Amino acid sequence: MTPAGTDKPIGRSIESSLRILVVDDDAVDRLTVRRALAKSALAAATIEEAADGPSALAALTGSDAGRFDVVLLDYELPGDTGLDVLEEMKERGSTVPVVMLTGQSNPVTVAALMKAGAADFLTKDLVSPERLESVIRVAIRVARAERATRETSERLATTLESIADAVITVNVHGNVTYMNPAAEALTGWPLSEAVGQPFESVAFVVSAEWSDREEQPDLLHQHIAKVTRGLELNVRADMTLVSREGRQLYVDAIARQLRDAGGSGIGAVVALRDITERKRSETALASAHAQLKDQAEQLEQQVDEAAALTEELEQSNDQLLRANEEAEAARKEAEEANKAKSQFLANMSHELRTPLNAIGGYADLLIAEVRGPISDQQRADITRIQRNQHHLLSLINDILNFAKLEAGHVRLTPTTVAMDLILSGLEELIAPQLSQKELRYTYNGCGETYTVYADLERVQQILLNLLSNAAKFTPPGGEISIECEASTDRIDVLVRDTGVGIPPDKLEQIFEPFVQLDRGQSASSMGTGLGLAISRDLARAMGGDLEAKSELDAGSTFVLSLPTKQPAAR
């Protein structure tokens, strides 16, 4: 049985895995649908029936609700109408696409059905094998594309919330539409209060040299207004920002235009990096340099008066030389760090663009009617998918090109949590990977007494990364298992696979940042090389650890150790 949320591909060789629920009080109509499906390319699909709304809802919201790929729902049912059943499905959180079967295509009824969330409708007199197959395939593909778009949006939101730079977006009128947590901390404005406010009110930014100038400074929001209109491609400058609490900060400000799918400007994105400490250091260094220079000039003037003063001048020059050498070393170190960050951003951009390009490709196929004719409403829905896909690609290209990842503090919220609560839901989250490669998954469950003191979300993040790696490096038909072992003060979670394995001399190297071993994977399937490094750091931050054991061609075992109670302060 397929777990809830699993995406099964729609292809000629796997129609037998499809499950279709036919809801109609008329046995003859149900038989007509069965016969039409039997004559179509979906003849191998599993068909279940329900004669009324309550029976349909029970099947769709039970423990095996996720087994259905599509519902064919009659509009005229005894008691509740098909519209009532559809609305109740949406209230219960069902995401199964619904194709309505109607006796006649009343425009008002059709509009109400589509507004309520129906994927399509089909009049019963038009039911044919070809038409029914086409409607079902399109409904399933559209539903999956929408789900993929939502997941991509959530990943993008997570990226914006996790970066250290402040990110603010404004509309064409210069009013704030979004701020990430770093921007809230920098400006002192919570997002709920900042949205709709003029940018210059939320981020009072003026030129860094304002205090030294008599004329009106060039305010950043004036440049942003030009960017939104396309008069300037981008703006970058070191500025002075006054926060809501009155703090004066130096920031490196970058602004660039945001465009919709048609290329029209819809606002701007502004990235602000706090460089206050750097500015203070530069000011102190400049002051020290000026003092040394003055001393050198004085010593040169007095060199004829005393040899002792000449010696003092030489010592001062040596100090200045050492300071310059240290500054040069610091500059080279910063360049190397920036290079590493740039490579990371390039990899991340590729990882995000790939699913978005796939969404766009399938949407183009549907618009071109390669898979069959589509209705005007379907065309409008697919157009919205394309528009959102282009918008997300634009955000990725704009934000990831200007935002620079910096080290931040990981926020942990440890509590006492049962391991079974975390582990029992993992199969559902990696079900698509398991299904794609036909991998066997085994989890026997942890005892009720197996509890750990850790951050639930971070533990789940680590385990999902380990399971995803296991699925990636395990050949089709292999096996992945997960189990628990308890000791006096720790719980060990063992993630085993029957994959290609890791060389013994590389077991520690895989936990280093940006390290990616050649394990027989194509370039498109490789990530940034940060997953295991981050996972081990998170485990150790919670008082635990992450280790690996492996043999070439015999699989690998990753052991996540977590404390059963709050560790002593370190």
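Trainee: What makes D24, D29, D74 and K124 a network?

Mentor: Salt bridges link D24, D29, D74 and K124. A salt bridge is a side-chain nitrogen of Lys or Arg within 4 Å of a carboxyl oxygen of Asp or Glu. This is a predicted model, where local features need pLDDT of at least 70 and side-chain atom pairs count only at pLDDT 80 or more, while totals for chains, interfaces and linings use all residues. Residues are numbered from 1 along each chain as its sequence is written, and side-chain values use heavy atoms, with hydrogens and water left out.

Trainee: How many salt bridges does that rule give?

Mentor: The count is 19 salt bridges. Side chains of opposite charge can pair when their charged atoms come close.

Trainee: Why is the contact of E49 with R34 called a salt bridge?

Mentor: The closest N and O atoms of E49 and R34 are 2.5 Å apart. The limit is 4 Å. So the pair E49 and R34 qualifies as a salt bridge.

Trainee: What parts does the pair E49 and R34 tie together?

Mentor: E49 sits in strand β2 (residues 46-50), and R34 in helix α1 (residues 27-38), so the pair joins parts 15 residues apart in sequence. Helices (H or I, at least four residues) and strands (E, at least two) are DSSP runs, numbered from the N terminus.

Trainee: Why are E49 and R34 called partly exposed?

Mentor: Buried means under 20% relative accessible area, exposed over 50%, partly exposed in between (1.4 Å probe, protein chains only). E49 has 37%, and R34 has 32%. Both values fall in between, so both residues are partly exposed.

Trainee: What makes E277 exposed?

Mentor: E277 has 53% relative accessibility. That is over 50%, so E277 counts as exposed.

Trainee: How do you know that E277 and R280 form a salt bridge?

Mentor: Their N to O distance is 3.2 Å, and the rule asks for within 4 Å. So E277 and R280 meet the rule. Both lie in helix α10 (residues 276-302), three residues apart, about one turn of the helix.

Trainee: What about R440 and E479: why is that pair a salt bridge?

Mentor: R440 and E479 stand at 3.7 Å, N to O. That is within 4 Å, so the pair counts. R440 lies in strand β13 (residues 440-443) and E479 in strand β15 (residues 479-486), so the pair ties together parts 39 residues apart in sequence. R440 is partly exposed at 47%, and E479 is partly exposed at 30%.

Trainee: Is G478 buried or exposed?

Mentor: G478 has 9% relative accessibility. That is under 20%, so G478 is buried. G478 is placed in the loop between α15 (456-473) and β15.

Trainee: Which residues is G478 in contact with, beyond its neighbours within four places in sequence?

Mentor: They are E438, L439, R440 and T498. Contact means heavy atoms within 4.5 Å.
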